[in-house]
Amino acid sequence: MNAKIMNRSELIYHIIAIVTLAIIIFLFWNFSTDKPHVEGEITSDLAVDDTSSLIDRYLYRMIPILCGAGLFSIVIALYLEEWLTQTTWQYRIIERYIVILAKVPSLVYGIFAVYFIVFHSQKVLNYPLLLIAILLVMPVTIRSTQKAIQSVDISVREAAYALGATKLRMIADNVLPNAFPLIVAGICTAISRILAIVALIVIISNWINSSNIFTIPKSAVVLISSAVIASIFSSILDYKQVT
Amino acid sequence: MQHPINAPILYIDDLNVWYGKNHVLKNLTFDVFPRQVTSFIGPSKCGKTALVRCFNRLNDLKSDFRYTGKIQFNGVDLYASNVNVTEIARKIGMVFHKPIPFRKSIYDNVAYTARLRGIKQSLQLDTIVEDCLRAVQLWDEVRNDLHAYPEILTIGQQQQLCIARALAGNPEILIFDEPCEQLDATETPKLEATVQRLKSQYSLIFVTNKRRQAARVSDIAGFLYNGELIEFGQTEHLFTNPKNKLTEDYVTGRLG
Amino acid sequence: MQHYLESELKALQHQLLKMGGIAENMLRDAVQSVLNRDGELAQRVIVVDDTVDKLENEIEAQCIQLIARHQPVAFELRYLTMTMKINRNIERMADKCVSIARRTIELLEYPPLQPFVDLQSVTRLIQGMVKDSLDALVNRNAELARELRARDSKVNTFYEQMYRDLCSLLSDQPQHIQSGLCHLLIFRHLERVGDLAVNIGEEVYYLVEGEVIRHTEIA
């Protein structure tokens, strides 16, 4: 590792973050894969169950959870940027987790999702949903919100403080309006990732259920195209902010 | 030094400031008197900005800021525990080296500070906005575009808008931190004229690294070098008959 | 900022003209005291000089302050340096008036000399020059300023005429030698006042046209 890119203490933080994350995921995997095995065969249920209604059930559950995760990640990003001092170890380690999770390709989460939803579908479980929300949505949204907040020039904050604004007033009046497009862009990116993964789930369940594995269900097409639209929207917002 | 017989509005005694291990201001002692322009000159990184940021407590934003000594504003210790920081920031307004209009309309930019003061009535806000814009001679130029965004203004006009915004907070002291850094040559005299006009109502502190500008606008001038206040006194004395060799070198342009 | 310096310059000119006005009055009074053998008036002229001296110091300090603070260029620089020079010239004019007044007091000790030259018309000429030099300053009138040089040569002719007359007078009446020398000095001082007015005119010309006409031939 080049010392200029990352100095020793930062490297240590990074290693700690990776190791703890690996341990957490490993434990979770063990914990969650044990139970369904006890409850019996999975594929038999799927044959009876209508896949589309299954997806619907999940989606309806997922929407409030995802909205909550989005809002919660904005709050976390605000807390990280505005209240935590950036030189403390808490800030550094949390930031490492977020960076690492945000960099994991969404397909990895997709495999998680397929595993939990398609193969454990006899029961609508809440915790895998939460896990997916946390792993898939929050790192991306927190990261982009953080960047959006950081993109608000320090001079704007100073100007607001110098006029006698309190911290909350400053955030509400100056930081959030300035950062808003980038925050929305981040949320759009997260939404498009999720839509893509749901599309993946739909396609895989279709393969399992139907004899003709070459047809792609209409709902998957809708999901994929809306994912593309969301990502285009996000890129427009991103571009507009930069220029 | 001849000062008007008046109590100092800012009283600084043996001020030392550190940023981490960096000792940026060393043993400063001076007074700032009301209704005057007090300027600080010096080469860049000599501590001018660090000094004025002590006055409105913007230095608090830096986690490694440390100070010793005394800073009194109207006889009250600025860093006492019972002091309301936002109140201080409003009483001691600041204009930065580049214009920082908020992403609001021109009207809302000026009304922002008035609203922070707790003024909500729209009639009252209207008069404050008009008065403040008139005070910086911007009213006639923007009276028809009050609800446009400040991007339509030139840099100089934006800086005037920032002054108006600071005035809306009804400050007692107004700090200018190198306000002409980004302005072009035709807009600088306008700002300097504004400073001269505001002198009758406010106490002004003017930080600049252009010594000519300090000579033009200020009544009292201080020369800072490496965090030390080398000389402090009447501007004309500083520029015609400096007592210190360093000051002489600086005002003649041999230094920095 | 331009407005600010402009108002300062106006105030400066006001003071300069005030000083010029005092000097003009001093000249009038000094000559009057010679003509009327009025010791009291002469004394008053000497006293008034203090005011002029004080004004001179003030104006000079103001000029230095403005130059130091505003670093003027072009017209404003010319104006300030010119003001300093005119300031000096007016003060010397006032000094000459004081010298005339001193001679007047000295003259009182001697019997009056029969008038041998038209002092009043010369004085009127010189007063006119002083007044016009200040007018040229107020109105930025380069032509008027330039003409002063031609008018000064008339004064010089008068002076030479007077010198010859006085020589012949004194060779006829040697008992009046002290009185005659006093008159010679008075004329000398008057002639110098005329020169100073010309100097002011030259400065005004430089101010308006930006061109030095000192030490050049009269066109």
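In the predicted model, strands β9 (residues 220-225) and β10 (residues 228-234) of chain B pair in the antiparallel sense over six bridges; two strands are taken to pair if DSSP finds at least two bridges between them. Helices (H or I, at least four residues) and strands (E, at least two) are DSSP runs, numbered from the N terminus. B:Ala221 has B:Gly233 in β10(B) as its bridge partner. The two strands β9(B) and β10(B) form a hairpin with two residues between them, and B:Asn226 in the turn adopts a positive phi of about 50°. Residues are numbered from 1 along each chain as its sequence is written, while chains are lettered from A and ligands numbered from 1 in the order in which they are written. Because the model is predicted, local features need pLDDT of at least 70 and side-chain atom pairs count only at pLDDT 80 or more, whereas totals for chains, interfaces and linings use all residues.

Within chain B, the axes of α3(B) and helix α4 (residues 122-135) come within 9 Å and cross at roughly 110°, axes being lines fitted to C-alpha atoms, for helices over the stretch in contact, with angles running from 0 to 180 degrees between N-to-C directions. α3(B) is therefore roughly perpendicular to α4(B), a term that covers angles of 65 to 115 degrees. From α3(B), residues B:Tyr107, B:Val110, B:Ala111 and B:Ala114 meet B:Leu125, B:Ile128, B:Val129, B:Cys132 and B:Leu133 of α4(B). By class, this contact has nine nonpolar, no polar and no charged residues; Ala, Val, Leu, Ile, Met, Phe, Trp, Tyr, Cys and Pro count as nonpolar, Asp, Glu, Lys and Arg as charged, and the others, Gly among them, as polar.

Chain B also touches chain A, with 20 residues of chain B in contact with 16 residues of chain A (C-beta atoms, placed from the backbone, within 7 Å). On the chain B side, two or more residues are given by each of α2 (85-91), β6 (92-95), α3 (106-116) and α6 (155-167), and α2(B) provides the largest share, four residues. Nine nonpolar, six polar and five charged residues make up this side. Towards chain C, 11 residues of chain B are in contact with 10 residues of chain C. Here α7 (188-198), α8 (211-217) and α9 (235-240) of chain B each supply at least two residues, and the chain B side has four nonpolar, three polar and four charged residues.

In chain A, A:Ile204 is found in helix α8 (residues 167-209). A:Ile204 counts as partly exposed because it has 18 C-beta neighbours inside 10 Å, the category lying between buried (20 or more other C-beta atoms within 10 Å) and exposed (12 or fewer). The C-alpha atoms of A:Ile204 and A:Ile216, 12 residues apart along the chain, are separated by 9.5 Å.

Conventions. Two residues are in contact if their C-beta atoms, placed from the backbone, lie within 7 Å. Angles under 35 degrees count as roughly parallel, over 145 as roughly antiparallel, 65 to 115 as roughly perpendicular and the rest as oblique.
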